[in-house]
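This report examines a single protein chain for a reader who is new to structural description. Please look at the sequence and the structure before reading on.

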Amino acid sequence: MKKVFLFIILLLVVSACSANNNEQDSSSAEESNEAAEVPEVQVEFEHEPLPVNKKTTIQASVTQGGEPVPDAEYVKFEIWQSEDGQDSSETIKAKHKEGGIYTITYSFAKEGTYQVIAHTQVDDLHTMPQNEVAVGQQAEASGHEHGDSSGKFMVHLMTEQTFKAGEASTLTTHINHMEEPFSEALVRYEISSDQLEKHMYIDAEEKEPGEYTANYTFPESGSYTINVHYEKPAEEIHGHQKENIEVHQ
């Protein structure tokens with residue numbers, strides 16, 4: 001009788017531990033799902049048209065799960081005039097003001113339409129909403145309508161990490177087209193530098209929709225140029241975006 005009683009007690013203890021573990025696993029899964037929620041970024045400008053050669057404020061409101069994000073790894077605004085293309089872009093890191101609001105002040109050099117991308121990194125999640133804005137009265141009069149750019153590719157090579165010579169580095173690029181991830185593309189990194197005898201070409205692999213990565217070991221410290229080539233031959237799409245990086249000893 002005592003043996004049966006002890007067995008019942010042990011069975012209850014095991015069941016309680018199992019239930020507790022299940023609760024912990026469920027809680028961990030819920031926390032993981034919450035952590036994986038992509039942050040929402042709303043970019044706001046002063047009333048359009050924006051002034052020429054005058055400091056103006058650009059801000060991004062960053063939320064995740066409906067809550068403000070005051071500690072994003074970074075928010076960077078990439079800005080270029082539409083006619084000049086993304087190769088002429090300028091990138092400025094924003095400062096957190098309060099309640100998940102990140103701001104910069106910027107002076108637009110001339111009239112026209114401009115593209116503004118808010119590159120935002122929260123934990124391991126990256127988002128890059130793009131807006132088009134009018135600068136100057138002539139740009140407004142030409143019939144500009146405020147909204148997102150629909151025909152542009154957005155190519156962002158992650159350069160925030162520290163690249164070291166002799167150590168394997170992961171090159172990561174996010175590519176969007178018409179506000180959607182540019183998936184199932186052929187992406188290759190062209191690497192050039194005075195430290196190399198010839199250009200190196202490294203094929204990238206798509207890890208997540210629109211996210212392409214490849215590993216490369218830089219042989220020496222110095223300046224390198226990374227040219228991201230992306231294409232879909234069947235759709236006659238081919239483009240590239242260059243970025244300069246510094247490799248440290």
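## Basis and confidence

The model is predicted: local features need pLDDT of at least 70, side-chain atom pairs count only at pLDDT 80 or more, and totals for chains, interfaces and linings use all residues. Residues are numbered from 1 along each chain as its sequence is written, and side-chain values use heavy atoms, with hydrogens and water left out.

The term pLDDT denotes the predictor's confidence in each residue, from 0 to 100. Its mean over the chain is 82, and 79% of the residues reach 70 or more. Helices (H or I, at least four residues) and strands (E, at least two) are DSSP runs, numbered from the N terminus. Among these elements, helix α1 (residues 2-35) has the lowest mean pLDDT, 46, whereas strand β18 (residues 211-217) has the highest, 97.

Two stretches call for caution. Where pLDDT is low, the predicted coordinates should not be read in detail.

## Salt bridges

How many salt bridges does the structure hold? There are four salt bridges, each being a side-chain nitrogen of Lys or Arg within 4 Å of a carboxyl oxygen of Asp or Glu. The table lists some of them.

| Glutamate 160 | Lysine 76 | 3.1 Å |

Lysine 76 forms a salt bridge with glutamate 160. Lysine 76 lies in strand β4 (residues 74-81) and glutamate 160 in the loop between β11 (153-157) and β12 (163-164), so the pair ties together parts that are 84 residues apart in sequence. Accessibility is described in three classes: buried (under 20% relative accessible area), exposed (over 50%) and partly exposed (in between), with a 1.4 Å probe and protein chains only. Lysine 76 is buried at 18%, while glutamate 160 is partly exposed at 27%.

Aspartate 84 is partly exposed at 42%, and lysine 110 is partly exposed at 42%.

## Buried charged residues without a salt bridge

For this topic, Lys and Arg count as positive and Asp and Glu as negative; His and the chain ends are not counted. Glutamate 211 belongs to strand β18. This residue is buried yet has no salt bridge, and the nearest side chain of opposite charge, lysine 207, is 8.2 Å away.

What joins the side chains of glutamate 211 and histidine 174? A polar contact of 3.0 Å joins them. A polar contact is a pair of N or O atoms within 3.5 Å; within protein, one must be able to donate a hydrogen and the other to accept it, and residues adjacent in sequence count only if both atoms are side-chain atoms.

Lysine 232, in strand β19 (residues 222-232), is likewise buried without a salt bridge, the nearest side chain of opposite charge being glutamate 235 at 4.2 Å. The side chain of lysine 232 reaches the backbone oxygen of serine 183 at 2.8 Å.

## Nonpolar cores

In soluble globular proteins, nonpolar side chains tend to be buried together. A nonpolar core is a set of buried Ala, Val, Leu, Ile, Met, Phe, Trp, Tyr and Cys residues joined through side-chain atoms within 4.5 Å. The largest one has 26 residues, and those with the most contacts inside it are Ile175, Val187, Tyr189, Ile191, Phe218 and Ile226. Strand β19 supplies the largest share of this core, four residues. A second, separate core of 23 residues includes Leu50, Ile58, Val116 and Val135.

## Valine 247

Valine 247 is part of strand β20 and is buried at 3% relative accessible area. Its C-alpha atom is separated by 4.9 Å from that of phenylalanine 163, 84 residues apart along the chain. Beyond four places in sequence, valine 247 touches residues including Phe163, Phe218 and Tyr224.

Note on methods
Contact means heavy atoms within 4.5 Å.
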